[in-house]
Amino acid sequence: QTINIGHLADYSGGTSDVGQPYGQGTQDTIAFIDANGGVDGKTINSDFNEYGYQVPRALAAFKKWVGTDKVVAIQGWGTADTEALVGMVTKEQIPYFSASYSASLTDPKGKVNEKSERAAPFNFFYGPSYSDAARAMVQWAADDWKAKGKPGKPKWVHMGANHPYPNSPKAAEEAYAKELGFEVLDPITFALTPGDYTPQCLTLKQSGANYAYLGNTAGSNISVLKACKTAGVDVQFLGNVWGMDENAMKAAGEAANGVVFPVRTATTWAGDAPGLATARAISKMSDPSGTTYRPVHYLTAICTALYMKEAMEWADKNGGVTGVKIRDGMYQKKDWVPKGMEGVCKPSTWTATDHRPTTSVDLYRAVVTGPTDASVTELIKTGTIKLEKVATVDLPRKTELQGW
Amino acid sequence: MSTTSVVPQAVADVRALLSVENISLRFGGLKALTDVSFHVGRGELFSIIGPNGAGKTSMLNCISGRYTPSDGRVVFDGADVTRLKPNRRAAIGIGRTFQNLALFSHMSVLDNIMVGRHHLLKNNLFSGALYWFGGAQKEELEHRRKVEEVIDFLDIQHVRKATAGTLSYGLRKRVELARAVALEPKLILLDEPMAGMNLEEKEDMARYIVDLNEEWGMTIIMIEHDMGVVMDISHRVMVLDFGKKLVEGEPAAVLADPHVRKAYLGEEDPLLEDEPTPAALSA
Amino acid sequence: MADAALKLEPVAETGAAPLLAVDNIEVVYNDVILVLRGLSLKVPKGQIVALLGSNGAGKSTTLKAISGLLKTEDGEITRGAVTFLGEKINGIEPDKIVRRGIFQVMEGRRIIADMTVLENLRLGAFTRHDNEVKSDIERVYEFFPRLRERTGLAGYLSGGEQQMLAIGRAMMARPKLILMDEPSMGLSPLMVKEVFAIIKKLNVELGVTILLVEQNARLALSVADYGYIMEQGKIVLDGTAQMLQTNEDVKEFYLGQGGGAERKSFKNLKSFKRRKRWL
Amino acid sequence: MAMNTMRPCGDYRTSYKADQTIFQTRLTMLICVAAVVALCFAPFFFSRYVLSLFIQIGYLGIAALGLNILVGFSGQISIGHAVFFGFGGFASAYLADKGVPVPIAIVLAGLWTTVVGLIFGLPAARVKGLYLAIATLAAQFILQDFFVRAEWFTGGTHGALAAPFTLFGYDLSGDDKYFYVVLFFVVVMYLGATNLMRSRDGRALIAVRDHYLSAEMMGVNLAKYRTMAFGISSFYAGIGGALYAHYVGFMSVEGLDILFSIQFLGMIIIGGLGSIMGSLMGTVFMVLLPEATGWLASALSGSIIDQALHLKSGITYMREMLIGAAIIMFLIFEPDGLAHRWRQIKTYWKLYPFSF
Amino acid sequence: MQSQLLLQLIINGLIIGTLYGVVGMCFVLIYKASQVVNFAQGEFLLIGAWVCWWLLTAWNIPFFWGFLIAVVFMMAFGMAVQMVILRPLIGEPIISVIMVTIGMSIFFQALMKWMFGTFAQPFPPIFPVDKVNVLGLQVQTAYLMSTGVSLAIMAGFAWFFKYSKMGLAMRATAFSQQVAQSLGISVRQVFALSWGISAAVSAVAGVVVGMVNGVSSALSYFGIKVFPAVILGGLDSIFGAVVGGLIVGLLENLGQYVDSQYLKWGNLYEIIPFYVLIIILMIKPYGLFGTRDIERV
Ligand SMILES: Nc1ncnc2c1ncn2[C@@H]1O[C@H](COP(=O)(O)OP(=O)(O)OP(=O)(O)O)[C@@H](O)[C@H]1O
Ligand SMILES: Nc1ncnc2c1ncn2[C@@H]1O[C@H](COP(=O)(O)OP(=O)(O)OP(=O)(O)O)[C@@H](O)[C@H]1O
Ligand SMILES: CC(C)C[C@H](N)C(=O)O
Ligand SMILES: [Mg+2]
Ligand SMILES: [Mg+2]
């Protein structure tokens, strides 16, 4: 007996730099599940679809899955396609686990507060929402400012392209910064592609900002970090979950040193959590030698896939593996970590009224201490690049803050 | 430069269909036309001749609106059209053909000619798209009938549906003429209609032009290098040289003018223009 | 009437093989439109050969088939051979054909509109590597003094000036064989005479062989040594220039002297369609 | 000369009306009508996946036709078609949100887009060729920026919900039903374009493309028709976009990028510039190409070839490369587009066996 | 402080502008020879950058030699692309050729991802100092180097088109392939040469951008970024491409200034070149230095 699911990934399109490790994580995990007894004996049959980050292709894939393959769940990817499919997913009652952490996907009923736009009852993700992660960084920045004993009001600035993904947390982050006594400066825009961002850095320098949030993906963030380093900007940069990782640190080199950003899992590949053993076993599915270093996105993908698997197990025991049952399966446990992933996946809770898995955010600092022209695996081994945990920020789980 | 009017201006200016008054045209430093005036009466077949680069085509361009003269006026049918846009001039009755073919080469011959009727048709975007319902079909068919008359007249029935770009040169010239005639113009400007044709075809073309003039009642201005044709069919001839008007008058008189013979014909007997002298060949 | 019967005189057999021989070629446009149906002709070295025919007969197509430019118009030689200096040249790239010494002056002049006259002339000499280009340019200017004065872009030249430039450009290439497509088109009577004089001069003084396509049959035959008349993709009549000039049919349909010696007036022609006798 | 008319023997026209038909022969007409009728039964035979591909081909095909009217018929290249598609989607979503019934909203959205298209078409009165093409690139960037800013209209970066398609209270939003909606629009829009091209304004457009100077002197107002082409093209794009919005139920600025615009160009170039049916053929090609390569890739992955060559994730890259290569190969062998080959085949059969 | 900022922005604009100018010239070169707008130009940058990166990191070749090999390789690559892919299309509609370049862009984008992965990779440090002070602005050494190289390339191009017979032949080919062939110009050679040079020069730009930002497939976006520059200057003018590049570079920087100080739009820097582009085209429909089409009947 098999369980059909769909898997949407971007290996060749605009977000392939992070899409590749994330997608690999999902593929490996599914393969691992199947190799280890499946879901109570049922194998998961995943239809892999590389869609190049193009909405029409995602749409076609979705139609194939509901029409032909009769999938019961989907592992999705980007914001554009996830948003475009919310309506259809709801209609077809297919749980959709994506890598878009937009807070607008966390409101299953719709309109919990006036800022929440629409209901997304079948959308799930693992990790803090973009908004909550940004709020956590605001919180950390406020504490940091106090701890350093600097005088006056700290200045906060949002940087990023004027696009759905970078903008997603903007309102939340700026509102929270104001609340915590920051002076919020005019946002600084830079495109999603690498380029020369010296003018932005000069503006940033002149504005006297103390904390700058980088909302873009890694490629363009690297350009900004480098340009700002050259221009001699003295700002604490804060990155988005997709804006910084081990590969980006390597590419940005010392310019990335000091950037603080959220990590969705409780550890990195270099850690020593018990659950990493399982993760390494999963990694062997595509890397038999077991030597490759896996970036944070890979671990996140493992967690996401395993939550889905356990929800399927519940569904199987409670009336059959259907979309609705899998969704209900997601609601069964509180502060839940998939089996074997202790210390890797952060305890998460989904309820019928709140799809924020967690509001506790781990912040790490990128530490780069030398030239980065070796491979990531080596750089980590030699300690040239390191991820240092700086804080865990526990945000209050308020309904006012849900959905935006 | 003295402008010898060989015949007294028989046609009074008021009755003239077209009056070109003191036109000058400059391209940067080059004076393509200098102070040229002439009148063309209704029903006249008027020819412009002159050496290459004399400004003949430029003159037609001023009349049809492609160029705006730097000085002077063009009065057509009682109205000053000097600054009128070319497409408006088509609508008030000036049609033309071109020296270097200017057909719509990817369209069928039929469609090419139908474009000529553009200003006579009323159907638009909406009625056109609705075709069967907005009266467009009826109108198109009516005009198709008119176009067929032109096609019959010019004897191009057999290539109606052919793509204009694949036709041979001579046929294309004829299609161009058809397109201009379809406009139902009062004045038709022909820029070297016989160029590139053999004798037989020239004869046909001359026939069409004469018929247009005599039977269809169109006023015609023609540029042509074939003196035989010019001599035989035009009522009056004007000679341009270096952008200036040299002479104007009845064909025989113009060709007898010594200036013309020298500058244009090379001092040969105009009637024997296509008989090369041994002297010219062995020069 | 059989074709052979129309041969007025055998091709001037000068003993040597002709410079150019077109042998029974068939040309098709766009894979479907058959234009030349087994056309053959010969151009002996040092001669001017005229190719006459009505519009659409395929004269330009013949020239393009020789120069290889057919390809750029979706045309193709599907049968037969074109031989130049004893070697088959159909199928080779047009630029290589130019290098072998065949230069075509295309119908409609085709000068490069966005270059100056001088640049156009220099390009005519593109295939040459000697250092007489400058003096050749001077010679072109001597032939066509008008061109010297035109310093702007060639696209702004008048029709006749462009024709001069096109011929001048061919002179610059110093080819063995010039294929000339309607050189008199659009020229004033004076200029036509000059151009034909120049064609003759090119032939006599520089020894250039010329294949001349021309509507002005009288003029063409007056400079040519030999002539071909084609209709609908086939040669229907050929002979020496003198013989063609005296042929009754040619006289009537190409020279305009049918019947009497008096030229008919264009004004009083009857508009009935005549049939050519050889069709 | 008779071959130029290329009509089969025995096919006589006795009136101009008969000669002016859309279809050159009765057979082609029958084939087309039969195809539409057959399509009407498609929902009974095909899976939803196939239907969704049809639907995609439908709304993209409408927009592609619009672009073809601009590029193929009026000779002006646009590299910003996607934003007009997007504008139609947003406009329709907005109107439907304000209570306008969806079918009407779609048409109104088309008209709004027309206005926007006309505005961005204004430079066309002066600017030509590739210069104009790049000026449309400006439309691409400026409108994309507008979508993000105009929150009242587009929902800003959050995007806008688009109401499902209902007709007289009857819900037509499932693939099997929406299919008919799209089919209806496709038929109407394609017939409209065909009619346009055989009447006054359409001819004027083509004339402007082929030789604008002589067109002007034949009485065609250049500025008007150049700009109008942008209007018509945007109308089609707008309708296509609106159909998309109500199909998906959501409209977001993401995805309306230059790549999407380029894809539209691909559709019409591959289909055949200046060919109405070509627009549809090209759309079919561009929609099915990634799907086809996808089938190939999934057939290949895990196979012996995969294992032997250690392709793994390489397969996904090979698939993309295949898409690129297919486009290249296609154009090398068929540079005039699908419609051209289709015409050649038709000509061949009509003249058969006298092909010359 | 503000005037200081303005000055620095202007300097930066000029430096980046020369880089745009060089990439712009690559466009113009291909356009001049074949009227083709090359949408795969960005991929040429990318391939050049990857090749150089690979030589430097995998083979530890000194930068100078690695750079040189990469440029020569790209020259050969450009010619090969022309021969294999574009040659069969000689004489076919230009728009189809443009579409083929789009196909090439898709193809090479994927190929590069396959060969070199999807992550951005840094160049090993090349210059002893990584920044230099120019009138108060800290400038990356790589950018300074590119400015120098760019100026040299620009001079070379100017000479080529003005004086060499090949330059003339390219212009003839652009005007009409048929006419060019009738003059004995080998259209194939002209194309091969123009693609070769264009690819080689692109590689220079690719390496520079790669040195600054790291090499990643997103680098190919540079190809589209220079469109406004090329059009501003006039599609067929080498000089225009340079001027257009400088203008766009300046506009971006000044746009950022105006935006941050007064307008507060956020992304003026990104779209201002396009607004200016439309305005300039309305005044000068062939850009600043483009040749007008000859409109005669
Ligand atoms: N648009 C233009 N720009 C610059 N010069 C021009 C333009 N149009 C014409 N000329 C010049 O004006 C002069 C007259 O040209 P025109 O075409 O009127 O001559 P023409 O009398 O028709 O000659 P032909 O008999 O050879 O056709 C020529 O020297 C030509 O170079
Ligand atoms: N590119 C083409 N595609 C299709 N048919 C063509 C093409 N070029 C020419 N033809 C056809 O080939 C035939 C011969 O044309 P060609 O140009 O060789 O005639 P020609 O003898 O030079 O006539 P003219 O005296 O008018 O120049 C004509 O019927 C024409 O329609
Ligand atoms: C890098 C991306 C996966 C980030 C985000 N999920 C998006 O698509 O927009
Ligand atoms: Mg003229
Ligand atoms: Mg000809």
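Tutor: One term to begin: a polar contact is a pair of N or O atoms within 3.5 Å; within protein, one must be able to donate a hydrogen and the other to accept it, and residues adjacent in sequence count only if both atoms are side-chain atoms. This is a predicted model, where local features need pLDDT of at least 70, side-chain atom pairs count only at pLDDT 80 or more, and totals for chains, interfaces and linings use all residues. Residues are numbered from 1 along each chain as written, chains are lettered from A and ligands numbered from 1 in written order, and side-chain values use heavy atoms, without hydrogens or water.

Student: Which chains does ligand 2 lie between?
Tutor: Ligand 2 sits between chains B, C and D. It is surrounded by 21 residues, the closest being B:Thr166, C:Gly56, C:Ser60, C:Thr61 and C:Glu107. Around a ligand, a residue counts if one of its heavy atoms lies within 4 Å.

Student: What lies 2.4 Å from an oxygen atom of ligand 2?
Tutor: A polar side-chain atom of C:Thr61. For C:Gln215, a side-chain N or O atom is 2.9 Å from a ligand 2 oxygen. For C:Glu182, the distance is 3.3 Å.

Student: How much of ligand 2 does the protein bury?
Tutor: Alone, ligand 2 exposes 630 Å², and the protein buries 90% of that. Such areas come from the Shrake-Rupley method with a 1.4 Å probe; for residues, only the protein chains shown count as cover.

Student: Which element gives the largest share of that shell?
Tutor: α2(C), with three residues. Helices (H or I, at least four residues) and strands (E, at least two) are DSSP runs, numbered from the N terminus.

Student: New topic. What is around ligand 3?
Tutor: Chain A residues, including A:Tyr53, A:Thr79 and A:Ala99. A side-chain N or O atom of A:Tyr53 is 2.7 Å from an oxygen atom of ligand 3. A backbone N or O atom of A:Thr79 is 2.8 Å from a ligand 3 oxygen. Ligand 3 exposes 270 Å² when taken alone, and the protein buries 100% of that.

Student: And A:Thr26, buried or exposed?
Tutor: Buried, because its relative accessible area is 1%. Buried means under 20%, exposed over 50%, and partly exposed in between (1.4 Å probe, protein chains only). A:Thr26 is in helix α1 of chain A, residues 16-35.

Student: What about D:Val33, where is that?
Tutor: In helix α2 of chain D. D:Val33 is partly exposed, at 43% relative accessible area.
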